[in-house]
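Have a look at the sequence and the model first.

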Amino acid sequence: TVSTLTSSGTTAAAERYDLPDQSARYVQINIAPNSAAAKFGIFEAAVLGADTTVAPTPAPAPAPAPSDALTPESFGARGDGVTDDTSALRALFSAANKQAKPIAFGANKTYLTGRTEGYQYNLTTNNLVVQGNGATIKVKDGTSTATSLYVVRIAAQNVTVENLTVDANRAGRPAISNWNQYAWFVDGGSVNVRLKNIRGLNSPVDNLYIRDQVGPSPSTSDATYPRDIYVENAQMLNAARNNASIISSKNVYITGGQYNGANGALPQAGIDIEPNQADIFGNNGVFITGVETSNNKGGGVEVAGPYNKNISLKDVVSNSNGTAFFAAPDGGQIQVSGLSASNYTTNASATERNGFISLVPGGRTGSRVILENMTLNGINSSLPSVHQNYQGTVTIRNTRINSYSGARPVVEAKPAEIYDI
């Protein structure tokens, strides 16, 4: 969908246009000759996204359900947002795994769930398809956090889930006492998993958690690590710790979507790529493209912990976070190619990391880090915009920093290739 705008050509002031059609994917801007301006030219054209504090519910048209699809209603669920549908949903997922049949939720319904198992709803049979049709699985008010709750767990090959929301309802539950609280969990043994237009909301810990908990700990190999995981146009919002945590994996592709508003418990990141010490094969290949990570109290994207390699960010928007991008390289390549960040001021996270794009020493030297094609706007802080004291091979290039207010250097770096700033 394309929306077309034409400037008035009669004022030197900034002009703002609100698009009535929020489905527009592309905007064509026509700049009219301007008699009111001293010189004709384009100073800045900015496309502002919607308010991300309360993101709109994705509502693609429901796909026709396969004739053999199982529905929650066929197991007694009401989906009215009032009735406890826990037993019906347990029966639904159990039958889907045993019969290898697809699942189709009722369009835009809300299914309340409690906790009866740590892994509450499992997809453990290969080739399963789940059509969410805009439905929500919401954890009931008062559900305990004293024991683990992984609301939806995937541990299989060739699984597709689309247009389904899991609301872990942190505001309606007691203070956390067990940290295994996740809306979506991609476990070990998962291969070629496709998560399309899903949402994870309000987790007491993480909205999306990718880690091998099938293999031994500490890991003896990466044979069961989640592999070839595709997350497309997801919305992961308002988690307490991270909107997405990637702990142990091989080739995770996160394309489009929003990972916004993490707040409550460190590191409070939009996307945190951080293996535990026991995950000794770490993450090999995480590719983040066209994603927004904004309004997170910690980093927009963080790469930390041991054993990360082949990490790529491309065309990421990262506004109003604690830091825009933070990395502690640990021997593997990290490349940021296209990062737009704005509205940063001194805060606890940035102070700890000494800047808003920050590279600090990791566990091992030898990483190759490339930061390029970055734009930072409106840095109002005593901290530098870019801080780098990692002793590896670092390149910072093709970067524009606008409207910096501060006493420190705009870029503060140990020896590195720095040009076109």
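With which side chain does the side chain of Gln181 make a polar contact? Its partner is the side chain of Arg173, at 2.9 Å; a polar contact here is a pair of N or O atoms within 3.5 Å, where one must be able to donate a hydrogen and the other to accept it, and residues adjacent in sequence count only if both atoms are side-chain atoms. Keep in mind that this is a predicted model, with local features needing pLDDT of at least 70, side-chain atom pairs pLDDT 80 or more, and totals for chains, interfaces and linings using all residues. Residues are numbered from 1 along each chain as its sequence is written, and side-chain values use heavy atoms, with hydrogens and water left out.

Gln181 counts as buried, because its relative accessibility is 0% (buried means under 20% relative accessible area, exposed over 50%, partly exposed in between, with a 1.4 Å probe and protein chains only). Beyond its neighbours within four places in sequence, Gln181 is in contact (heavy atoms within 4.5 Å) with residues including Thr145, Leu149, Ile176 and Asp206. Pro204 sits 23 residues away in sequence, yet 6.0 Å away in space, C-alpha to C-alpha.

Now step back. Gln181 belongs to strand S10 (strands are DSSP runs of E, at least two residues, numbered from the N terminus). Strand S8 runs parallel to S10, joined by five bridges, and Ile154 has Val186 as its bridge partner in S10.

Both strands belong to an open sheet of eleven strands with parallel pairing, ordered S6-S8-S10-S13-S15-S17-S19-S21-S23-S25-S27; two strands pair if DSSP finds at least two bridges between them. S6 and S27 stand at the edges with a single partner strand each, so one side of each has no neighbour in the sheet.

How values were computed:
Helix = DSSP H or I, 4+ residues; strand = E, 2+ residues; numbered from the N terminus.
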